[in-house]
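Welcome! Open your viewer, get your selection tool ready, and follow along one stop at a time.

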Amino acid sequence: MDLQLQDRVALVVGGKGYIGTAVVDRLRQEGAIVVVASRTADAPGSIAMDTADQASVDTAVARVLEDHARIDVLVVTAAPAANTLDPERRSDPDQVAAAVDGKALGFLRVANAVLPAQRRAGFGRVVVVSGQNAYLSGNITTSLRNAATNVIAKNLADETAGTGVTVNVINPGTVTDQPDAEVRPGAGGQSSPQQIADLVAFLSSPLSVVSGESISIAHRVLGSVTV
């Protein structure tokens with residue numbers, strides 16, 4: 001299927017990470033012009049951005065718009081890895097606040113910088129990678145940072161409804177190079193970075209008009225019911 005991404009400009013925030021690298025490769029396979037944003041810009045086609053700093057975000061986005069005139073696709077995978085969060089401090093307000101800022105508010109800063117240009121263009125695709133911990137209790141830090149990301153994305157999708165801009169969330173469970181086919185009760189299905197990247201590519205396509213959705217990849221938490 002031709003996803004019609006040839007020569008589309010895509011900004012992938014966190015594009016040097018485990019999932020982000022796969023997303024960058026997949027979008028380039030579709031012919032997109034991909035700008036990789038990370039804390040350091042050390043390669044052609046990359047730009048420095050600190051998602052914790054609105055001035056850094058605004059400067060980076062302005063540079064991409066200056067160089068390419070538009071940002072058709074925004075993908076945000078940037079966030080501190082879950083294994084960097086101390087499980088012994090899972091209910092510590094300081095860790096919770098830092099985790100929400102690092103993931104949910106980081107996404108919001110970038111989206112707020114990019115969406116005005118997409119709205120003016122009458123076209124845009126925004127995809128953020130969150131996680132299925134949004135559906136699970138037991139760790140306030142991981143639950144809240146993912147749930148907040150999902151809620152922000154839904155609000156942005158509603159704000160841009162009817163403008164040609166879509167906003168969606170992908171929620172992986174465990175991400176691994178070799179996903180296990182078995183899904184354990186109380187857990188989500190496993191997925192690979194490449195599988196996530198395939199879904200990102202579709203949601204980034206003009207062929208997709210899905211918006212405001214929080215999509216669990218592989219399998220939503222086994223045993224959960226959402227109404």
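Is S130 buried or exposed? Keep in mind as you look that this is a predicted model. Select S130, and you will be in the loop between β5 (124–129) and α4. S130 counts as buried because its relative accessibility is 6%, and the cut-off for buried is under 20%.

Now show what surrounds this serine. Leaving out residues up to four places away in sequence, S130 touches K103, N146, T149, N150, V169, I170, N171 and P172.

Time for a pair of helices. Two packed helices are described by the angle between their axes and the distance between the axes. Select α2 (residues 54–68) and α3 (residues 93–121): they pack at an angle of about 30 degrees, and their axes are 9 Å apart. Their crossing is right-handed. To see the contact, show Q54, V57, D58, V61 and L65 on α2, together with R109, V110, A113, V114 and A117 on α3.

Our last stop is the largest pocket, which holds about 1000 Å³ of space. It is lined by 39 residues, and A79, P80, A81, A82 and R145 are the closest to its centre. Elements that each supply at least two lining residues include α1 (18–29), β2 (33–38), α3 and α4 (140–159). Colour the lining by type too: 16 residues are nonpolar, 16 polar and seven charged.

Definitions and conventions:
Residues are numbered from 1 along each chain as its sequence is written. This is a predicted model: local features need pLDDT of at least 70, side-chain atom pairs count only at pLDDT 80 or more; totals for chains, interfaces and linings use all residues. Side-chain values use heavy atoms; hydrogens and water are left out. Axes are lines fitted to C-alpha atoms, for helices over the stretch in contact, and angles run from 0 to 180 degrees between N-to-C directions. Helices (H or I, at least four residues) and strands (E, at least two) are DSSP runs, numbered from the N terminus. A crossing is left-handed if the near helix is turned anticlockwise from the far one by less than a right angle, and right-handed if clockwise. Contact means heavy atoms within 4.5 Å. On a 1 Å grid over the protein atoms alone, a cavity is a set of points where a 1.4 Å probe fits but cannot get out, and a pocket is an open set with protein on both sides within 12 Å along at least five of seven lines; lining residues have an atom within 4 Å of a point. Grid points are joined across faces, edges and corners, and a volume is the space filled by probe spheres set on the points. Ala, Val, Leu, Ile, Met, Phe, Trp, Tyr, Cys and Pro count as nonpolar, Asp, Glu, Lys and Arg as charged, and the others, Gly among them, as polar. Buried means under 20% relative accessible area, exposed over 50%, partly exposed in between (1.4 Å probe, protein chains only).
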